[in-house]
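Please go through this structure with the text below at hand.

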Amino acid sequence: MKKLFAIAISAVGALMLFGACEQAPQADIHYGAEPLKFKSVKEWEKYHRPAIMSFFEEEVYGKMPQKKLPIKYELLEEGEALGGKAIRRQVAMHVEGCDVPMIILMYIPSNAKGAVPAFLGMNFKGNHNVNADPAIIISPNAPDTANGPEGITRGDASPRWPLDLIIDSGYAVVTINRDNVDPDKDDGFKNSVHPLFYKEGQNYPEPNEWGTIGAWAWSLSRVMDYLESDKSIDHKKVAVIGHSRLGKTSLWAGATDPRFAIVISNDSGCGGAALSIRKHGETVAKINKSFPHWFCDNYNKYSDNEEALKVDQQGLIALIAPRPVYVASASEDDWADPEGEFLSAVNASPVYELYGLKGLTGATMPGINTALQDGHVAYHLREGKHNITSFDWANYIKFADRHFGR
Ligand code: GTR
């Protein structure tokens with residue numbers, strides 16, 4: 001029964017992604033129309049990809065501003081860390097008009113000969129929560145800064161950031177705090193980056209303009225701008241990674257910025273990798289109610305109305321093709337709908353195959369702790385709760401090793 005359901009959803013998903021693309025060049029993507037007969041990468045890139053991108057920009061995450069803001073990067077601190085195996089580097093990103101600098105924290109293997117590949121991801125609770133290293137600068141606006149110095153919880157998130165494992169594997173870790181970029185609150189977009197782009201007289205994003213996930217993804221691209229100038233980092237080998245709401249963010253950053261060579265979504269759930277049409281766990285209505293600031297206002301049209309989505313979340317994964325993408329779930333994370341995350345990766349796979357790459361087409365959901373990662377679309381279901389653990393990281397490192405030729 002479960003299997004049959006999976007196939008039905010898979011077919012629906014394929015229709016949602018490719019329906020009516022046959023009518024290209026209009027590339028009008030309708031739910032429930034005839035499935036696309038694959039033709040060429042050229043056709044995908046010329047018609048279908050732009051149409052799907054425009055759908056996600058207009059209806060889901062909102063358009064990011066095109067205008068470039070003056071940004072100055074300032075080296076704040078550098079030192080030996082992790083018992084000498086790493087160099088810690090902290091760089092302020094001064095975005096003109098923002099009242100606080102956004103602080104980038106990096107750990108770089110100290111024994112590296114030349115530039116190293118990197119994992120870049122946002123953190124939830126502040127750079128200073130990533131590790132107990134006392135030299136880490138407290139992230140401005142991090143949630144634990146609200147109660148003064150006594151409230152600071154250095155190193156609390158260190159199980160989520162296994163720095164030894166990552167550094168020993170030869171990768172740099174680059175991170176920035178979500179609230180430092182844009183507070184994770186429904187606060188009317190009056191602070192951080194949104195107002196910097198308002199037109200005269202505007203004081204709220206238009207229904208098709210970016211929300212908070214858009215701002216977070218934008219900041220990851222600005223960190224990437226910096227990494228392009230940092231000689232320690234091989235900027236052609238930067239994997240963007242995120243857990244949960246920050247996994248939604250890594251997918252959107254990966255879809256919008258082709259400089260991210262690998263895209264990793266850990267337990268990203270609704271509005272991330274999971275198919276919305278399944279309405280399993282968190283739904284579009286629930287997410288819009290609890291987190292109205294994450295998406296653009298147009299996304300409200302789909303609350304309790306998932307059938308109206310012209311393309312489901314597999315379209316977001318397909319936008320990343322042909323770059324390698326890894327979707328992961330956790331067995332006790334029903335809220336994020338592991339099966340919906342898996343099916344989304346499966347349904348995006350025909351686009352990878354169009355490029356001659358191996359996806360997950362035809363794959364059945366793997367057992368717990370078994371990674372399907374020999375192609376360009378990877379998936380695993382880790383045992384346990386909604387979290388990112390060393391098990392997840394070890395698999396991402398293995399995947400990156402293969403794609404970065406290490
Ligand atoms: C939950 C939310 C999810 C997920 C998660 C997280 O409350 O419903 O969409 O993003 O938070 O970010 O940990």
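The model is predicted, so local features need pLDDT of at least 70 and side-chain atom pairs count only at pLDDT 80 or more, while totals for chains, interfaces and linings use all residues. Residues are numbered from 1 along each chain as its sequence is written, and side-chain values use heavy atoms, with hydrogens and water left out.

Helices are DSSP runs of H or I with at least four residues, strands are runs of E with at least two, and both are numbered from the N terminus. Two packed helices are described by the angle between their axes and the distance between the axes. Here axes are lines fitted to C-alpha atoms, for helices over the stretch in contact, and angles run from 0 to 180 degrees between N-to-C directions.

Start with helix α7 (residues 245-256) and helix α2 (residues 41-60): their axes come within 12 Å and cross at roughly 140°. The two helices are therefore oblique to each other; angles under 35 degrees count as roughly parallel, over 145 as roughly antiparallel, 65 to 115 as roughly perpendicular, and the rest as oblique. The crossing of α2 and α7 is left-handed, a term for a near helix turned anticlockwise from the far one by less than a right angle, with clockwise giving right-handed. On the α2 side the contact involves R49, M53, F56 and E57, and on the α7 side W252, A255 and T256, where contact means heavy atoms within 4.5 Å. By residue type, this contact of α2 with α7 has four nonpolar, one polar and two charged members. Ala, Val, Leu, Ile, Met, Phe, Trp, Tyr, Cys and Pro count as nonpolar, Asp, Glu, Lys and Arg as charged, and the others, Gly among them, as polar.

Helix α7 also packs against helix α6 (residues 212-227), with axes that come within 9 Å and cross at roughly 60°. That angle makes α6 oblique to α7, and the crossing of α6 and α7 is right-handed. I213, G214, W216, A217 and L220 of α6 meet R245, L246, K248, T249, W252 and A253 of α7. The contact of α6 with α7 divides into seven nonpolar, two polar and two charged residues. W252 is listed in the contact with α2 and also in the contact with α6.

A pair of aromatic rings is described by the distance of the centres and the angle of the planes. Rings of Phe, Tyr and Trp (its six-membered ring) pair if their centres lie within 6.5 Å; planes under 30 degrees apart count as stacked, over 60 as edge-to-face and the rest as tilted. The whole structure holds 20 aromatic pairs. One of them joins F55 and Y302, whose ring centres are 6.3 Å apart with planes at 65°, so this pair is edge-to-face. F55 lies in helix α2 and Y302 in the loop between α8 (284-290) and α9 (314-318), so the pair ties together parts that are 247 residues apart in sequence. Y302 also pairs with Y299, and that pair is tilted, at 6.4 Å centre to centre and 45° between the planes.

One aromatic cluster takes in F55, F56, Y61, W252, F291, W294, F295, Y299 and Y302.

The backbone has some details to check. Most residues other than glycine have a negative phi, and most peptide bonds are trans. A cis peptide bond joins A321 and P322, with omega about 5°, and P322 lies in the loop between α9 and β8 (325-330). K279, in the loop between β7 (262-266) and α8, has a positive phi near 50°. K279 is partly exposed, with a relative accessible area of 39%. D337 also has a positive phi, of about 55°, and lies in the loop between β8 and α10 (338-354). D337 is buried, with a relative accessible area of 2%.

Finally, S344 is found in helix α10 and counts as buried at 0% relative accessibility. Leaving aside neighbours within four places in sequence, S344 is in contact with A273, L275, Q313, Q314 and I317.

Methods. Buried < 20%, exposed > 50% of the residue type's maximum accessible area, 1.4 Å probe, protein only.
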